Amino acid sequence: MSEILPGGALRTQGDVNRTPDSWTLHQGDLTGRVVARWWGVGWILKALPLLTVILALVLLGTARFVSAWWRKPARLFLVPLAFAVCGLIYRPWVGLMLIDQTATTAGGVGRVVSTGILPVKAFALHAGDADTVHLVAGQVGQLPLVGGDSRGRIFVDGAIDLYGWWWVAIIVVCLLPIVYELVTMRADRGDGHGRHEGSDEDEYDTLESMGLA
């Protein structure tokens, strides 16, 4: 596909062709239907090679260079940091793409699609709040292209638009490392392995085994 025409028609062009095809495709020419949608999995697969390398370095590095006392806290800090670095590089959370635009007497109308995981609000800079469009992942909306700067240019931008359960989900994800630490700490104590290397109890056991205590 090389272009989306007004009305939704598609113009195609081969990879090695210098000019578009002589025909246009309409919605009635398209076949197929969506049978499954794995939300966010595409971004995970895209970041998986880099994420695997970083996590392997974290696990091997902490096992080799970090003492047993600090190993779990170091991993609880570095593993979320690895996910944050991948998110900074690939930017999967918020994305916006302008598909096409049509000129009108009021200025114009643009079709935008949300390409990120989180909800987003799209707006034209220098325009009012009434011209904002709220979109979820994969949703297409029409945005009035009004306003413009001193040179008549109109810029489209987007921002994160969280609400309701989205905030609850983000808080839960942020608390997962703390919950994991509390659960594993309780499990260690229940199994009798709650003592850390270098503690007073370990030192007493060593002296006792030597007949000095």
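## Overview

A residue is called buried when its relative accessible area is under 20%, exposed when over 50%, and partly exposed in between (1.4 Å probe, protein chains only). By this criterion, 20% of the 213 residues of the protein count as buried. This is a predicted model, in which local features need pLDDT of at least 70 and side-chain atom pairs count only at pLDDT 80 or more, while totals for chains, interfaces and linings use all residues. Residues are numbered from 1 along each chain as its sequence is written, and side-chain values use heavy atoms, with hydrogens and water left out.

The protein has four helices and nine strands; these are DSSP runs numbered from the N terminus (helices: H or I, at least four residues; strands: E, at least two). Their order along the sequence is β-β-β-α-α-β-β-β-β-β-β-α-α.

## The helix pair

The axes of helix H1 (residues 41-65) and helix H2 (residues 68-90) come within 9 Å and cross at roughly 155 degrees. Axes are lines fitted to C-alpha atoms, for helices over the stretch in contact (heavy atoms within 4.5 Å), and angles run from 0 to 180 degrees between N-to-C directions. H1 and H2 are therefore roughly antiparallel, a label for angles over 145 degrees.

## The nonpolar core

A nonpolar core is a set of buried Ala, Val, Leu, Ile, Met, Phe, Trp, Tyr and Cys residues joined through side-chain atoms within 4.5 Å. The largest one has seven residues, including Val112, Val120 and Leu145. Strands S6 (120-124) and S7 (133-135) each give two or more residues to this core.

Leaving aside neighbours within four places in sequence, the contacts of Val112 include Leu96, Ala122, Leu135 and Val156.

Terms used: Parallel < 35°, antiparallel > 145°, perpendicular 65-115°, else oblique.
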